[in-house]
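Subject: Structure handover

Hello,

Here is the structure you are taking over. My notes on what turned up follow below it.

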Amino acid sequence: MFSKIALAVLTTSLLTSASFAREVNYKEGFIQAQTEILGDSNIAPKCSHITTKLSMDETLESLKGEISMELLSLKSENEKRDEHMHETLHVKEHPITTFTLKELKKEADGYHLVGVLSLNKQIKEIDTKADITDQNDLLKLKGGFSIKMSDFGIEPPTLLFLSVRDEVTISYDLALAKK
């Protein structure tokens, strides 16, 4: 008898907490990847074709899920360079990159998004400081972090005597709708 009551209470508790989870969907914004050709120019392709599979309950710290983008939608002002970039990123074999948010922490210097980035079939842990604004049904995330292409099995391209820097600075400015 006691085990049936305990099971009923546990089931009710799980169902109740699950009902408070809200979907959080991409509304607008961008993700940008910035690097440079050493000794030449700045490269800063941008993407605004983003998909999310995020959810949260009453607290901001409960935000979890995935933010993804198709790498072919990463574009700069130079179409020919974009073709080379897409080839370097192996987009035919690995067309999507995904950040899986595992934890959102409030620390003395602000919020930190902790998760893993999947790129070129490689997975690396990321901790990014973010400015977060929670406005009723809208959640805004703005921040950035750096990665090395070589950490993801990507060789920085070279052209004649010029090389692309291995370090890429990723910045994001996203507006997410809470449903």
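The lining of the largest pocket divides into 28 nonpolar, 11 polar and 4 charged residues. Here Ala, Val, Leu, Ile, Met, Phe, Trp, Tyr, Cys and Pro count as nonpolar, Asp, Glu, Lys and Arg as charged, and the others, Gly among them, as polar. This is a predicted model: local features need pLDDT of at least 70, side-chain atom pairs count only at pLDDT 80 or more, and totals for chains, interfaces and linings use all residues. Residues are numbered from 1 along each chain as its sequence is written, and side-chain values use heavy atoms, with hydrogens and water left out.

Back to the pocket. A pocket is an open set of points on a 1 Å grid over the protein atoms alone, where a 1.4 Å probe fits, with protein on both sides within 12 Å along at least five of seven lines; lining residues have an atom within 4 Å of a point. The largest pocket holds about 880 Å³ of space, the volume filled by probe spheres set on the points, which are joined across faces, edges and corners. Of its 43 lining residues, Ala33, Pro45, Leu74, Met85 and Leu89 lie nearest the centre. Helix α2 (residues 79-88) gives the largest share of the lining, 7 residues. Helices (H or I, at least four residues) and strands (E, at least two) are DSSP runs, numbered from the N terminus.

Now α2 itself. Arg81, Asp82, Met85, His86 and Thr88 are buried (under 20% relative accessible area, 1.4 Å probe, protein chains only). On the other side, Glu79, Lys80 and Glu87 are exposed (over 50%). What covers the buried residues of α2 includes β2 (42-43).

Take Ile147. It lies in strand β9 (residues 138-148) and is buried, at 9% relative accessible area. Leaving aside neighbours within four places in sequence, Ile147 has contacts (heavy atoms within 4.5 Å) that include Leu117, Phe152 and Ile170. Ile147 and Ile170 are 23 residues apart in sequence and 7.6 Å apart in space, C-alpha to C-alpha.

Best wishes
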